[in-house]
Amino acid sequence: MGGCTSKDAASSDDKKGGMVDQETLDKLEAGFAKLQASDSKSLLKKYLTKEVFDACKTKKTSFGSTLLDVIQSGVENLDSGVGIYAPDAESYTTFAELFDPIIEDYHGGFKKTDKHPPKDFGDVDTLGNLDPTGEYIVSTRVRCGRSMEGYPFNPCLTEAQYKEMEEKVSGTLSGLEGELKGTFYPLTGMSKETQQQLIDDHFLFKEGDRFLQAANACRFWPTGRGIYHNDAKSFLVWCNEEDHLRIISMQMGGDLGQVYRRLVTAVNDIEKRIPFSHNDRLGFLTFCPTNLGTTVRASVHIKVPKLAANKAKLEEVASKFNLQVRGTRGEHTEAEGGIYDISNKRRLGLTEYQAVKEMHDGIAELIKIEKEL
């Protein structure tokens, strides 16, 4: 499908300026018809009008990505919430007619004339423990995504690029000091014991889910994929899962301040050694448009049994603070034992500090209401 899937997509010049071939156009027309006929609630269906479709269907990025690469996951999975991915950083501009309205809708009114503010982690010491008595919050996690400059995203990467990126990442991470010091485990050749241990710790990502699979994000698996964690298992980096890098800080309990400080230290450190893809308007660029800008997702696993019994009230408070409520194991799952995964929804058009602060304030409010019920 699409331009990126050819083995030599990165090197072949005919792909670059070339025409979108007839086979791809036929698949696009079929996909568009399927989407239109469906009752999909995705943002893709909402914004891929005939007009936008016609404007984009013959375009290509210099990596050979076509509109098919962008929409195929949403066409295949009609239950998608969003339904599009960017096969490379250029896609955000090449297919702006489709990306812009979806980005505006998802990120709460970030218009195509808006600019994402410069990176600002704020005063890390102003965030503290949201649940000092340990009654409500099971665990706290803050993560961000980063893409390495000069490389496309998953669907366009060659096997050699995957290997090269893994070497750069593991080399960089081995230089981390203090509490961030740890070990890099490549997925290739990983022993069964290590694998089981990492699964038990809920650290190991499995081969892509159907949404990523359909977006062609799992090629050459497990080449170039790996995971790094510090000795305390409170700091993790995923290499080449959905994004080039997912940098994660987490621990049990509700001390958001501590979790956030660790993440900020790590990101600043890694950034000195690896240049990241950044765009003046959209901030840090990643594979999924829901993760642009700060790319920060701050979340807690929280037990609020009384609020949970009143789902409408929970959703109402959540949306007031731009929070997203998910099941215990993340997207598309149920809450196990009344434990919800709640995170900030907006990542674009505000600073890193503001994104985390939204989550902080919303969770504080939820706990206050739970206590009063």
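A residue counts as buried when its relative accessible area is under 20%. The legends below describe close-up views of a predicted model.

**View 1. Cysteines without disulfides.** The structure holds zero disulfides. Cys144 has a relative accessibility of 1%, so this residue counts as buried. The closest cysteine sulfur to that of Cys144 belongs to Cys239; the two sulfurs are 14 Å apart, which is too far for a bond. Cys288 is likewise in no disulfide, the nearest cysteine sulfur being that of Cys218, 14 Å away. With a relative accessible area of 9%, Cys288 is buried.

**View 2. The stacked pair of Tyr85 and Phe287.** Eight aromatic pairs are present in the structure. In one of them, Tyr85 and Phe287 are stacked, with 4.5 Å from centre to centre and 20 degrees between the planes. This pair links distant parts of the chain, 202 residues apart. Tyr85 belongs to the loop between α5 (67–76) and α6 (91–94), whereas Phe287 belongs to the loop between β7 (283–284) and β8 (297–303). Tyr85 counts as buried because its relative accessibility is 12%. Phe287 is also buried, at a relative accessible area of 1%.

**View 3. The surroundings of Trp221.** Trp221 is found in the loop between α10 (210–214) and β3 (226–230). Ring pairs join Trp221 with Phe205 and Trp238 in a cluster. Leaving aside residues up to four places away in sequence, Trp221 touches Leu187, Phe205, Lys206, Glu207 and Gly208. Gly178 is 43 residues from Trp221 in sequence, and their C-alpha atoms are 32 Å apart in space.

**View 4. Charged residues over aromatic rings.** Arg146 lies over the face of Phe284, at a distance of 3.6 Å from the ring centre. Lys345 lies over the face of Tyr106, at 4.7 Å from the ring centre.

**View 5. The nonpolar cores.** The largest nonpolar core comprises 57 residues. Val142, Ile247, Tyr260, Ile302, Ile342 and Ile363 have the most contacts inside this core. Helix α11 (residues 256–271) supplies the largest share of the core, with eight residues. Apart from residues up to four places away in sequence, the contacts of Val142 include Ile247, Ile248, Leu256, Val259, Tyr260 and Leu263. Val142 also touches Val296, Arg297 and Ala298, among others. A second, separate core has 38 residues, including Leu68, Ile71, Tyr92 and Ile102.

Methods: Residues numbered from 1 in each chain as written. Predicted model: local features only at pLDDT ≥ 70, side-chain atom pairs only at ≥ 80, totals over all residues. Heavy atoms only, no water. Helix = DSSP H or I, 4+ residues; strand = E, 2+ residues; numbered from the N terminus. Contact = heavy atoms within 4.5 Å. Phe/Tyr/Trp six-rings, centres within 6.5 Å; stacked < 30°, edge-to-face > 60°. Buried < 20%, exposed > 50% of the residue type's maximum accessible area, 1.4 Å probe, protein only. Lys NZ or Arg CZ within 6 Å of the ring centre and 35° of its normal. Core = buried A, V, L, I, M, F, W, Y, C linked by side-chain atoms within 4.5 Å. Disulfide = S-S within 2.5 Å.
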